[in-house]
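Q: Could we go through this model together, starting with one loop and moving on to whatever comes up?

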Amino acid sequence: MLRFASLASGSSGNCLVVQSLDLIGTTTVLIDCGLGLRDTERRLARIGLAPSDIDAVLVTHEHGDHAGCVADFAAAHGAVVFLTHGTARALKAEGKLHDGVRTTFIRGEHKVSVGSMEVLPFTVPHDAAEPVQYVVSDGAARLGVLTDIGISTRHVEQMLSGLSALVLECNYDRDMLWGGGYPRWLKERIGGPFGHLDNREAGRLLAALDRSKLKHIIGAHLSQQNNKSDLARDALSDAIGCEKEWIGVATQDDGFDWREA
């Protein structure tokens with residue numbers, strides 16, 4: 001069985017938990033760790049896990065809301081950190097990764113095994129050193145995670161087709177972003193090809209996928225300033241013609257509870 005939950009999702013910190021359970025044992029990983037150490041520990045307890053349950057942290061890129069606590073958590077609890085060479089260099093340059101942390105280097109489009117999980121990192125356009133996103137599988141179910149990407153590509157759509165579950169970035173509503181108080185340079189960065197997906201573009205990406213096996217769609221990484229849950233849910237449900245209640249939304253305060261892929 002493959003299940004997943006979010007500790008938090010948004011511009012102030014992201015952390016997704018993925019767990020594979022089979023007759024041999026249990027493998028549990030975090031995808032990103034952008035919360036404070038104590039906050040991460042508290043939120044793990046909220047979904048019934050201890051920090052020692054975490055076998056590895058899969059890092060998407062070096063931005064603080066995704067990687068700010070990776071080294072602290074790994075050092076405190078003995079988890080292995082999986083990341084690209086570019087992400088490692090960027091974190092070391094910022095003093096956020098040190099030699100005492102166990103690391104395993106990955107490359108986009110090269111599968112790795114983490115316990116009973118198969119992990120496929122794939123490259124995405126985002127303004128980071130060597131960013132990736134992930135598809136995680138237990139051999140039966142497949143979970144895709146796409147939370148930081150400026151524009152969809154055919155390659156990304158191929159990676160995310162045929163999934164059992166998808167956590168998909170809906171970072172902003174275009175009207176709210178451009179009508180809001182952010183400086184122009186920041187609006188252009190967020191809305192550019194190496195920034196983030198807005199609700200409508202997320203919907204277009206979702207509509208382009210093979211969704212024949214899809215059981216869960218979760219809108220994620222919503223901006224608290226430039227988006228609303230109802231707008232994200234409406235955009236995704238309208239794009240594929242499903243009931244709005246079928247679309248989940250991850251929040252900054254609560255993430256979302258366990259779901260089985």
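Q: Where does His221 sit?
A: His221 is placed in the loop between β12 (216-220) and α9 (229-240), where helices (H or I, at least four residues) and strands (E, at least two) are DSSP runs numbered from the N terminus. The model is a predicted one, in which local features need pLDDT of at least 70 and side-chain atom pairs count only at pLDDT 80 or more, while totals for chains, interfaces and linings use all residues. Residues are numbered from 1 along each chain as its sequence is written, and side-chain values use heavy atoms, with hydrogens and water left out.

Q: And is His221 buried or exposed?
A: His221 is buried, with a relative accessible area of 1%; buried means under 20%, exposed over 50% and partly exposed in between, for a 1.4 Å probe and protein chains only.

Q: What about the phi of His221?
A: Although His221 is not a glycine, its phi is positive, at about 55°. Most residues other than glycine have a negative phi.

Q: Which other residue has a positive phi without being a glycine?
A: Asp32 has one, of about 70°. Asp32 belongs to the loop between β3 (26-31) and α1 (37-46), and with a relative accessible area of 2% Asp32 is buried.

Q: Switching to pockets, which residues lie nearest the centre of the largest one?
A: Ser11, Asn171, Arg189, His196 and His221 do, out of 17 lining residues. The volume of the largest pocket is about 200 Å³. On a 1 Å grid over the protein atoms alone, a pocket is an open set of points with protein on both sides within 12 Å along at least five of seven lines, a cavity is a set where a 1.4 Å probe fits but cannot get out, and lining residues have an atom within 4 Å of a point. Points are joined across faces, edges and corners, and a volume is the space filled by probe spheres set on them.

Q: How does that lining divide by residue type?
A: The lining of the largest pocket has three nonpolar, eleven polar and three charged residues, counting Ala, Val, Leu, Ile, Met, Phe, Trp, Tyr, Cys and Pro as nonpolar, Asp, Glu, Lys and Arg as charged, and the others, Gly among them, as polar. At least two lining residues come from each of α2 (64-67) and α7 (184-191).

Q: Now the sheet: what is the strand order?
A: The order is β7-β8-β9-β10-β11-β12-β13, an open sheet of seven strands with mixed pairing, two strands being paired if DSSP finds at least two bridges between them. Because β7 (112-114) and β13 (247-249) stand at the edges with a single partner strand each, one side of each has no neighbour in the sheet.

Q: How many bridges join β12 to β13?
A: Three, and the two strands run parallel; Ile218 has Gly248 in β13 as its bridge partner.

Q: What does α9 touch?
A: Helix α9 packs on the sheet, touching β11, β12 and β13, with its direction at about 155° to that of β13. Contact means heavy atoms within 4.5 Å, and angles run from 0 to 180 degrees between N-to-C directions of axes fitted to C-alpha atoms, for helices over the stretch in contact.

Q: And which strands does α8 lie across?
A: Helix α8 (residues 199-207) lies across β10 (142-146), β11 (165-169) and β12, running at about 150° to β11. Asn199 is in α8 and counts as buried at 3% relative accessibility.
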